[in-house]
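Colleague: Before we discuss this model, may I see the sequence and the coordinates together?

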Amino acid sequence: MEKKQTNKVSITTNDGKPFQIPVEGSLGLLALGYKGLVAWRQVRRQYQKTVVAKQTQKKEKNPDTKS
Amino acid sequence: MGKRIAKKVLLIGWDAADWKIINPLMDAGHMPTLEKLVNGGVIGNFATLDPPLSPTLWTSIATGKRPYKHGIIGFTEPDPSGKGVRPVYITSRKVKAIWNIFNQHGMKSHVIGWWPSHPAEPINGTMVSNLYQRASKPINEPWPMLDGTVHPPEKAELFKKLRIHPAELTPAHILPFIPDAIKIDQEKDKRLGMLTKIIADCSTIHAAATYILENEEWDFLGVYYDAIDHFCHGFMKFHPPQMQMIPDDLYNLYKDVVISGYKYHDMMLERLLQLAGPDVTVMLVSDHGFHPDHLRPIELPKEPAAPALEHSPYGIVVMNGPGIKKDERIYGASILDVTPTILTMFGFPIGADMDGNVLVNAFEEAIVPDKIDSWDDVPGDTGEHPKDRQEDPYAAAEAMEQLIELGYIERPSENIEKAIKNTVNENNYYLSRMYINGRKYNEAIEILTKLFEENPTVTRYSMRLAHAYQSINKIQETRDVLSKIKTTSGKETISMKIMEGNLLLVENKPKEAMALFEKIEEEMPNITRVNMQLGKCYLALKKWKKAEDAFQNELQHDPGNAAAHHGLGVSLLRRKQYDAAVESFLNAVGLTYFFPFAHYHLGEALYMLGEYERSAEAFEVCLKMAPGINKARQLLTNIYNEHLKKPEIAQDHKAKIAEFIKGDIVIVSGLPRSGTSMMMQMLDTGGLEVFTDGVRKSDENNPKGYYEHELVKSLSRNKTWMKDAMGKVVKVISQLVFELPANYRYKIIFMDRELDEVIQSQHKMLIRDGKAKEDTINIRVVNAFKQNLERIHNWVPKQQNMEIIFVSHRNLINNPVEELKKVNDFLGGTLDTKAMATVVDKSLHREKAAK
């Protein structure tokens, strides 16, 4: 039976603690395979969203500032 | 079905992985996962095939068959539509791959990235083709996936998302490979782009494989990573030690890439093993190695597939899992053995038409593999493409040409046509090499002759043709090709000179060959290595010490040269340095297990050391590989009878000797001046055909002729002419009887003359020829003759393929009719003995009369 792919992928360390995924990724994450890839892309997307949100906020505060 | 040893098999392909790089990395703790796998399993060298072209090799791995059987013979092939050339497709494969066999048995297989595997086959499982990972456009442009990349097609979207574009990679991925990447001027130096592509591609394959391992059930999973090969082709020239032509700045930038590539593979391996679970049998293999040392070529010729010259002939094999031995080494493994071995692990018979063997020494239990004629004849749902989708692109190209000529289709543009023609030519050239590699020389010659006729200036075709002719000892044909090349090119290259030297060796002219090789070595000491050729010359000339030096020189340069270890062993064996010889032969078979003569000589050296058990083992292995080496069988018969006291096994071997007898030869032998020429003349008169070239003319010493053949004198080093002597009578002096090859049956008529008479007769002959003085008989020669006669009496009757009759010279002169009756009975009773008796001329026997 094929398992369904979950939307949110989290990575834990060997001692069971959540692994803080760096936004720039790492070879270790790629070596983890699809799970590492998916988790990294999620973090990257989240980061991009945050950056965009921050820029939007900044723009709204200072509409005359060039982005 | 045999016993199933493996629950699941994970087959991991690392293109070009090489122990020469891996061993120091494992020793330094940089590949901990592989080290663990190695320590808990078996390892070995994995012999590749020639030419070492990855798509052909990986198909051999997946089928157990040589490329001329499976049909994948190059990187590209003509597009059957006639529109040009395309990457080689799986539809050109003519035989079943291992996953097709599993499919017939309802097993679940997954195949990721195998080369070639496009379009993906409709197997019971997932297949992700080899055209899956490559990104050809910038990241901001659409990256479509070719139809047929993923089976089942409904999973295409899922796998599409697992692809990694090189532009996604960040310094975090690149700096472990190139710590000073920031210094690279990417306008001028494109290597960074190349590196990111390699990392992205293999990470894509790895993402697909790990997805399947984590989410799907499976019996067999095959995953192929090409990145080590690509890291090596791109960056091995920067690998330490620094090559002379590499500038310091580039060396410092790129020296870590290859090592980092291997470390990254170890990390990926860790994940694969973790997901596969503990009960899995793992087989990690590479299709060939990659020279990491002084054997790295300095320059590559400008010809297609030239990078393959960087490949080394041995890849790696590691097996680990239930039923597999722990921490052991296996010998003689070849890439052809993967499919037969995995079939056996699952309890399936192997195909008798497979070229590989089961690696039985890897298993804890003794395995006797079952066999069927061919898996290709077994019907069932194989998961292959429907027959109408399977293509022969070469036939398609020919058919297209015919339609063009008939005017049904417009001729493609000149460039396309040229590209197709070049592809067909190159692939035919590879095919010829594949035939040579499989020792099918006539098939190779047929292809190469056509290529040479159509492309007389392409020397790789013509030199290969010369090589094929040389391999089957067609000396004149080889010389004709060399002469044509010389005429066409107006020059004689070093390779041509070396080939001429090899021909001289085949012609049994080792002195001339040696002179030529020594000249080549003197003229170009830094460019060409002729140690092997010189070593062979010295062996032929019995210059054992010089042979030893030549092979040692070669081994200093290339310690992985099995033939050099063997040559060294033979020179040591002949110098009675048996322990050292054994070590050399073990080195040779450790590198190339399928080396019958190395096992034979190992047996000989062990025999001399009195290690009869081990000696018998070596001869047994030799005979398994080359059952026709009757000399090994004779020695084995002797060992089992006299030393190991196993007469029943000795009897088995004795019975088998007859199976490999090529024909019968009558030998007339004896000491010189014992009446051998007279006996030859008698047999000639009596109706037998004699083997003589008439070169040695009759003279005062032998007025009725010598009946000799010049070739006999070289019997100790050249036995190839023996086939021409079948059914004939050959004169062989008693000292050379021991050199008679064991694959003929001999009836030996041995002339028995009083030793005093022989010595007197020889002495008078020497005096007549001005080569000796009266009363100067050499007593040491007399003793040597005595020993020789004793040896004949002891040795010949023990040989399974020899019968001997001793004919009294005195009786023959005094009572020829009676003595010749014995000879006639010995030879089957068909001789005209009356006519033979008339040959005796008592007046000629001066020495005896004088006595």
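**Backbone, helix packing and interface**

Modeller: In this predicted model, Lys542(B) has 13 C-beta neighbours inside 10 Å and therefore counts as partly exposed.

Colleague: In which loop does Lys542(B) lie?

Modeller: Phi of Lys542(B) is near 60°, a positive value in a residue other than glycine. The residue is placed in chain B, in the loop between helix H20 (531–540) and helix H21 (544–557).

Colleague: Is Asn508(B) buried, partly exposed or exposed?

Modeller: Asn508(B), not a glycine, has a positive phi of about 65°. The loop that holds Asn508(B) runs between helix H18 (494–506) and helix H19 (510–523) of chain B. A buried residue would need 20 or more other C-beta atoms within 10 Å, and an exposed one 12 or fewer. Asn508(B) has 17 such neighbours inside 10 Å, so its class is partly exposed.

Colleague: How are H15(B) and H16(B) oriented to each other, parallel or antiparallel?

Modeller: The axes of helix H15 (residues 441–454) and helix H16 (residues 459–471) of chain B come within 9 Å and cross at roughly 150°. H15(B) passes H16(B) in a left-handed crossing. Angles over 145 degrees count as roughly antiparallel. The two helices, H15(B) and H16(B), are therefore roughly antiparallel.

Colleague: Which element gives the largest share of the side of chain A that touches chain B?

Modeller: Contact involves 16 residues of chain A and 19 residues of chain B. Two or more residues on the chain A side come from each of helix H1 (27–31) and helix H2 (34–61). The largest share, 4 residues, is that of H1(A).

Definitions and conventions
Residues are numbered from 1 along each chain as its sequence is written. Chains are lettered from A and ligands numbered from 1 in the order in which they are written. This is a predicted model: local features need pLDDT of at least 70, side-chain atom pairs count only at pLDDT 80 or more; totals for chains, interfaces and linings use all residues. Two residues are in contact if their C-beta atoms, placed from the backbone, lie within 7 Å. Axes are lines fitted to C-alpha atoms, for helices over the stretch in contact, and angles run from 0 to 180 degrees between N-to-C directions. Angles under 35 degrees count as roughly parallel, over 145 as roughly antiparallel, 65 to 115 as roughly perpendicular and the rest as oblique. A crossing is left-handed if the near helix is turned anticlockwise from the far one by less than a right angle, and right-handed if clockwise.
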